[in-house]
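Dear colleague,

Please find below the structure that I am handing over to you. My notes on what was found in it follow directly after it.

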Amino acid sequence: MAGTSSMIVAGLTAAALATVGYLGHRAAETVPPDLGRRTPGTPAPAATAPRGTHPAALPPRSGLGQRVVYSLRRDRVWLVNDNNTVLRTFGVSPSTVDPAPGSYRVTSRSGKVTGSDGVPVEHVVRFASVDGTVIGFSAAVDGSAPVLDPRERTGGIRETRADGTAMWRFATIGRTVVVVP
């Protein structure tokens, strides 16, 4: 009897695996060609964190003390106090030009200006320049995400208005900005 039961279980398991394999194959064949492509103006999907870490965890080797940390891969920012405690973290929409990983300082700020894409922005915090393109954080006054054209050089890293207000209060002139891969 035990031999018969194990053969039935083995047969059912094989049938289940074959069914799952078939359904997976069919699903892969019927995926629309544009699925997974972002449409212009939609925020970048949240990047995944390395295994075993929380997606919003502060990246290792991102400096010490009071600083802004910006991860290029994760499109995420952390505002960190003197005790290396994260005060706030949030996702951002990247610009078309990235600064090189390294340590920078906030060099200028503007309350309200027009972004390089023609959108009115507020709470602009600039910290780098790459081949004449100024890099900084900002929030669109209308709350929109940028429509990126990879052929245009833009340096505005967009955040929500609430996150822009937090950045504005935290990232004063001279504040360290650490860019990590």
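Findings: the open sheet and its surroundings

Arg 109 stands opposite Val 125 in E6. Please note that the model is a predicted one. Strand E5 and strand E6, the latter covering residues 120-130, are joined by 6 bridges and run antiparallel. In general, the strands of a sheet pair through backbone hydrogen bonds, in either a parallel or an antiparallel manner.

These two strands belong to an open sheet of 4 strands, ordered E5-E6-E7-E8, in which the pairing is mixed. Strand E5 (108-114) and strand E8 (156-159) are at the edges; each has a single partner strand, so one side of each is left without a neighbour in the sheet. On average, and with direction ignored, neighbouring strands of this sheet are turned by 30° against each other.

Helix H2, residues 161-170, packs on the sheet and touches E5, E6, E7 (133-140) and E8. The direction of H2 makes about 55° with that of E6.

As to the chain as a whole, it has 2 helices and 9 strands. Along the sequence these follow the pattern α-β-β-β-β-β-β-β-β-α-β. Of the 181 residues in the chain, 35% are buried. Among contacts with a separation of 6 or more, 50% are between residues 24 or more positions apart. The chain exposes about 10700 Å², of which carbon and sulfur atoms supply 59%.

With kind regards

Note on methods:
Residues numbered from 1 in each chain as written. Predicted model: local features only at pLDDT ≥ 70, side-chain atom pairs only at ≥ 80, totals over all residues. Heavy atoms only, no water. Buried < 20%, exposed > 50% of the residue type's maximum accessible area, 1.4 Å probe, protein only. Contact = heavy atoms within 4.5 Å. Areas by Shrake-Rupley, 256 points an atom, 1.4 Å probe, with all protein chains shown as cover. Pairing = 2+ DSSP bridges. Axes fitted to C-alpha atoms, helices over the stretch in contact; angles between N-to-C directions.
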